[in-house]
Structures are given as structure tokens and as C-alpha cells.
Amino acid sequence: MEKKLTLSFIPYSEIAKLASVNRVKKILDIVLKNRIVILQGRLDATEEGSLIQSTMALAGKIKNFKGVELAVIQPNGNKEGVFTQFKLGIARALVGSRDALTIIGPAAIVKEIKRNPEKIDLMLKG
Amino acid sequence: MVIKIITNFFKRIFGSLFKGKEELSIGFYGPPNAGKTSLANRLCKDWTGEEIGSVSKIPHETRSVQFKEKVEIEFKGKKLTFKLIDTPGIATKIDYEDFLKFGIKKKQAQQRAKEATQGVIEAIKWLDDMDVVVVVLDALENPYSQVNITIIGNLVARKIPVLVVANKIDLGKADVKKVESAFPEYEVVGISAKYGKNMEEFYESLFKISKKV
């Protein structure tokens, strides 16, 4: 049986002028449609915290929604490597960053996003 | 007279550590099952004789914030009074089916999951009330997770001093070096909260970061 997987790309320009609460809402609206969000850029640390809080609030209310898998990738990996990117990740998390990619998928579809110094694996549910 | 001068001198020195605060709020944060409650219990038992909460192999045993006030800790002649705040594990997903593997019945597992989601929300809300935070990580797990970055990012944004603990060093596969590599800008201490291993170094670091408040 064929399984459909939908990725939704959000360019940074679409969230740049939104208030924090609306950025989180926009992402979760897509995730709740069982789509994986690829966001150009990243949320700042407090927005990521709000995303987790909102996710948990929804998981407690919406049947079959168990949360999300989340990872941020800095794309200039050739120069720095994922290991160095992780070190820089916290600093960048403070202000948000346009040159990153954020992957957010519903836990019902994305089993796990594994981050290691060498690679990032997106594991889907069978 | 001399005694009074000396007493006042020490009061000034240690008083400045608190900047007028009688006790420092210290939060234990981290992903589920890293050993936050085990560490909080270790401190509570050592200094008050009582525990703060129950521990379990089943994730999300702590589902609401629990605290112990006026915990006076003495280390190398210095004394600090803490309010210990043990928080629920922070996660981005909670699936009741994960609890079924531990033999919990479906209804209880669903209730546990519901309470755990509320616990995560509550834990993040409490961040604003912390003076110092100990981020407790399982030294057997991969430290490169987004939840860890998000927790530390939020603490840095709030200018809260952070101490990273790599717990469970009593287990063979524990990798403290990996945690240190993941957080090179932070003080990392490898401990076993369960067996009280390396607590001297933990207290040393705790007193050190408490000075930053």
C-alpha cells in the first residue's frame, strides 16, 4: 500500500513579520494536518519553548496527536560540521537565525530525528 | 569586639552571594528519565533527611513541579540556602503507548500521558522563577537533542546560570566526554545521583555557579 508523505516548506519571509505566537500557530496548524514542516530559519529559544508548550497543550486535547519531533540544522555544514553547529546552536537559538533549517514533524509520522556529530537521520514510522 | 568584626565580615561576604536573597531557587531541568528527581532526592536526603519525590524506571514519573524550601547546604565552610525545585521532564512528544511496555494498564497510561503533557507546560512556565538551573542529562543518551538546546537556550535568554550534570556514571556506557563536547561553554559534572558518586565535584560547581546570581 502506498503511503503519502507531505512536506510543507515555509520560507523565512512568511514568518519574518509575524508575532511569536502567530509563528508557533502557523507551524502547528500545518503539523496538525499531518505534514512535515521544513522552515527556512529557526525560531528563537523562547519561541521554541512556546512551541513545546503549545504542542503539549494540543497533545492533551486532540485525540491521536502525540506531539512533534523537532530538529534545527545549520546548512553551512561543510565548513563547520554538525558538531560545531551544535555548539553554535545555543547562541543562534537566542536570536533565531535565517540561515538554518528547522524540521518539525508530527510524532505520528516522524518516529525520531537523530542528531549526531556526523549526521542527522529522519526516521519515519512504518 | 574582634569576634563581632569577624562575624560581620563573613556576613558581608556570604550575604553578597545572595544579593539580598535569603534562599536561591534552584531548578532541576532536563529530558524525562535523566535523574532529576534522583539528584533532588540526593540533596534533600543529605541535608534534610527527607526526599522530594518518587522515582521510577517509567518515564514521566514526575508530572508536576515539586519543591523543598529552606534546604541549607554546607560545603567547605560555606553555607547556602536553597529552594530545590524538581520539574517534570521536558519532551516534545508523549505517547501513552510507550507506558504500556512497562505493564501499565491502558487507562492509567492515558492518564499518565495527559498529566505529563501538563507537567511539561508547567516546567517551562517555572523557568522565570529560577535563580540557578541544573540541567540533568542521562550520560548514556545522545546529548545532541533539540530539547537540550531549547532548554539551555531558554536559560541563557533569561540570564540564568547553568550547571550541566551528566548523570548515571555508575553505568558502563556512560559518556561524560560526549556531554562535555556537546556543551563546551558550560560547566559539566559527571555524577551518579543514585549512588552519590562524585557529589563533591557537584557541590563545588553548584557553589561556583551560585555566585553568578
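Biologist: At what angle do the axes of helix α3 (residues 45-59) of chain A and α4(B) cross?
Modeller: This is a predicted model, in which local features need pLDDT of at least 70 and side-chain atom pairs count only at pLDDT 80 or more, while totals for chains, interfaces and linings use all residues. Residues are numbered from 1 along each chain as its sequence is written, with chains lettered from A and ligands numbered from 1 in the order in which they are written. Helices here are DSSP runs of H or I with at least four residues, and strands are E runs of at least two, numbered from the N terminus. With axes as lines fitted to C-alpha atoms over the stretch in contact, and angles running from 0 to 180 degrees between N-to-C directions, the two helices come within 8 Å and cross at roughly 155°.

Biologist: Roughly parallel or roughly antiparallel: which describes α3(A) and α4(B)?
Modeller: Angles under 35 degrees count as roughly parallel, over 145 as roughly antiparallel, 65 to 115 as roughly perpendicular and the rest as oblique. The crossing angle is roughly 155°, so the pair is roughly antiparallel.

Biologist: Which residues of α4(B) make the contact?
Modeller: Contact means C-beta atoms, placed from the backbone, within 7 Å. On the α3(A) side, G49(A), I52(A), Q53(A), M56(A), A57(A) and A59(A) take part. Their partners in α4(B) are T117(B), V120(B), I121(B) and I124(B).

Biologist: Now the whole interface: which element gives the largest share of the side of chain B that touches chain A?
Modeller: The contact takes 24 residues from chain B and 27 residues from chain A. On the chain B side, the elements giving two or more residues are α4 (106-125) and α5 (146-157). The largest share, eight residues, comes from α5(B).

Biologist: Is A182(B) buried or exposed?
Modeller: A182(B) sits in helix α6 (residues 176-182) of chain B. A residue is buried if 20 or more other C-beta atoms lie within 10 Å of its own, exposed if 12 or fewer, and partly exposed in between. A182(B) has 26 such atoms within 10 Å, so A182(B) is buried.

Biologist: How far apart are the C-alpha atoms of A182(B) and Y144(B)?
Modeller: Along the chain, these two residues are 38 residues apart.

Key
Contact = placed C-beta atoms within 7 Å.
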